[in-house]
Amino acid sequence: MPDKPDRNAIEVVNVSKIFGSGEGQVAALDKVSVSIRENEFFTLLGPSGCGKTTLLRLIAGFDFPTAGEILLYGQDIAPLPPFKRPVNTVFQSYALFPHMTVADNIGFGLEMLGKPRAEIKARVAEMLKLVKMEALAGRRTGQISGGQQQRVALARALAPQPKVLLLDEPLSALDYKLRKEMQIELKRLQHETGITFIFVTHDQEEALTMSDRIAVMSSGKILQVGSPWDIYDKPAERFVADFIGETNFLTAAISGVGSGKARATLKSGTTIEATVAEGFQPKDNATVVVRPEHAKLTKDKGDLSGTVENIVYFGTDTHIHVHLDSGEAFTVRQQNTRSAGCGFERGDKVGIIVGNDAAQVLRD
Amino acid sequence: MATAEEVAKAAERRDVRDRWLLSAPALLVILFAATGPLLIVLVYSFLTPGAYGDVKWQFSADAWTSVFLERDIFDDTLSLAAAHVTIFWRSIKLAVVTTLATLALGFPTAYFMATRSEKTRDLWLFLITIPFWTNLLIRTFAVLQIIRNEGIVNTILLKLGIVSAPIQILYTDTAILIGMAYVYLPLMVLPIYASMEKLDFRLVEAGYDLYATRFKVLRKIIFPLVKPGVIAGSILVFIPALGAYVTPSVLGGGKNMMLSNLIELQFGQGRNWPLGSALSITVMIIVMAALLAYVRNAGKSGVRHG
């Protein structure tokens, strides 16, 4: 991870947002606090209805928080209308102005800021080049493809050089290949412009591949903030582990906690080493997670034993579903080679080896 | 056996035939109730007036010359018919002002309606259409009741001591304008609302996001996008307003003649059907010219329709 200055671009302090009143009250955000650093690609990740878009709209100024503060470089912007915030948004629907050309769309923000005409022209040209849309500057937005609209939306939001760029699931309307392309493109743009990006998505893969840091949200709360590595390898809660990637959950008794490590005694009686968060109190009924690719299947005796229940071929790898003797389910992901099959068959008695650094104890 | 191509062609022929059959009743109505009478009016405008109304089948261009010109009865010279010009101008002015007034009132109304929740929108739509349930004449008399010297407005103003004597509104141009704006407002609101309802309000948010103030968003985003509705509404108001008959007569007290009164006069006491016909067609030409100019002008910088 490249060095990031420690200055915070956005600080969200104890922000709540309640929609409706009386009986029909819904808390979309419940005392959320998070700091987003300057020049960072920050992702709000969560299922629909978790409050991620609400948080983004509060930062943009389309809605106002019920309680709490939103600081932009130390200044409280929560009471400001959207047109007074140096923050721009890329909308999920792109929201391009259909009655204007591509170039006019990109220049709109600058025009509203009252910039001189020559400057607008130069900046629009620069933006068109940045998103590789020079050839289509004079087109109406209805005459260009979805991917191109996406680029125009980006250019339009970047043109006024906002302090923070907000992106509300901007890739969700694109097909798989284009989405992959735009993911790389977005990373490039963020790197080239040096603008802080706050990206909202429900796609965990997208979050992992693009972000410097991720905040995982659920039911109006932020559950965990960390780098993609942290989030994936050291999920703090069941929800995080479950939402991001595939995971095996095992019940274990935890003992011998110290310096981030602990001994986890599984139902099978085997004891494995697991990583644990600071300050974890030993207990009998904890949950340990193991990623499918961090375990290995063997025909000999392993840390766990069970029967192969199902084998699913995925091209790059194969998922082998094992029914453990303890009654739990466990999936192992095995990289495919060209020559042979996966080497196991349904009904095989197998052992599972859990690597030394593969297991993580959950907080709850 | 028929080839696929033949089958497709036959289906297409059937399709075309069905379409004509289905539209035949409407076409017949238009032909006999609109185009036919219009042709009669056109023919009449080139005939000679009969002594007791009707026409004599004898060609004459007199009716057309007297639309804007008048012949001196003594020396037979032609001069501008000042009375006609005044009446034309008065009617056009009233139609334009009515259109502007309904636009000024109708645009915010439509915006208000379109920004309500879906359920309440239907209620507002319903309320807007309620005046159509009543006869135009009755609606006009209702306005008369409100604005006359002993009417609601003046009574309240007098009781509150805001004025010492009733304000004379009835039988003035203001009265006509109030009546016209009231009668034609729904025709302006409905098409604007139809456009506004389709407006993607995320575009409005995008405008705010890009530093546009409320006024700029209205001018640069909302207005251009609902312009088709504004144009449709203006047309729907302008055309009938130009030929308005009941409202100016009742509320204006018949002091100032409007185009409709002038035309009526020719077919009635004036017994000059050809002149009446020529005047009618002139009004039509004015409307068409105005519409063409308006639509062209509005379409130049604006949105494509649809």
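This report describes the domains, sheets, helix packing and chain contact of a predicted model.

## Domains of chain A

Chain A is divided into two parts: domain 1 covers residues 8–233, and domain 2 covers residues 246–361. The C-alpha centres of domain 1 of chain A and domain 2 of chain A are 38 Å apart.

## The open sheet of chain A

Strands of a sheet pair through backbone hydrogen bonds, and the pairing is either parallel or antiparallel. In chain A, five strands form an open sheet with antiparallel pairing, in the order β15-β19-β16-β17-β18. The edges are taken by β15 (295–298) and β18 (329–335) of chain A; each has a single partner strand, so one side of each is left without a neighbour in the sheet. Neighbouring strands of this sheet are turned against each other by 45° on average, with direction ignored.

The pairings can be followed strand by strand. Strand β16 (residues 304–313) of chain A runs antiparallel to strand β19 (residues 349–354) of chain A, and four bridges join the two. Here Leu304(A) stands opposite Ile352(A) of β19(A). β16(A) is also joined by seven bridges to strand β17 (residues 317–324) of chain A, again in the antiparallel sense. In this pairing, Thr307(A) stands opposite His323(A) of β17(A). Seven bridges likewise link β17(A) with β18(A), which pair in the antiparallel sense, and Thr318(A) faces Gln334(A) of β18(A).

## Two hairpins

Two of these pairings are hairpins. β16(A) and β17(A) form a hairpin with three residues between the strands, where Gly315(A) takes a positive phi near 90°. The hairpin of β17(A) and β18(A) has four residues between its strands, and Gly327(A) in the turn has a positive phi of about 100°.

## The barrel of chain A

Chain A also contains a barrel, into which five strands close in the order β11-β12-β13-β20-β14, with mixed pairing. On average, neighbouring strands of this sheet are turned by 50° against each other, direction ignored.

One of the pairs is formed by strand β12 (residues 261–266) of chain A and strand β13 (residues 271–275) of chain A, which are antiparallel and share five bridges. Thr265(A) stands opposite Thr271(A) of β13(A).

## Helix packing in chain B

Two packed helices are described by the angle between their axes and the distance between the axes. In chain B, the axes of helix α5 (residues 136–147) and helix α7 (residues 173–198) come within 10 Å and cross at roughly 135°. α5(B) and α7(B) are therefore oblique to each other, and α5(B) passes α7(B) in a right-handed crossing.

On the side of α5(B), the contact is made by Leu136(B), Arg139(B), Thr140(B), Val143(B) and Ile147(B); on the side of α7(B), it is made by Ala175(B), Ile178(B), Gly179(B), Tyr182(B) and Val183(B). By type, the residues of this contact are seven nonpolar, two polar and one charged.

## The contact between the chains

The contact between chain B and chain A takes 15 residues from chain B and 17 residues from chain A. On the side of chain B that touches chain A, the elements giving two or more residues are α8 (201–209) and α9 (214–242) of chain B. The largest share of this side, six residues, comes from α8(B). The residues on the side of chain B that touches chain A divide into 10 nonpolar, one polar and four charged.

Technical notes: Residues numbered from 1 in each chain as written. Chains lettered and ligands numbered in written order. Predicted model: local features only at pLDDT ≥ 70, side-chain atom pairs only at ≥ 80, totals over all residues. Axes fitted to C-alpha atoms, helices over the stretch in contact; angles between N-to-C directions. Parallel < 35°, antiparallel > 145°, perpendicular 65-115°, else oblique. Left-handed = near helix turned anticlockwise from the far one by under 90°. Contact = placed C-beta atoms within 7 Å. Nonpolar A, V, L, I, M, F, W, Y, C, P; charged D, E, K, R; others polar. Domains from an automatic or database assignment. Pairing = 2+ DSSP bridges.
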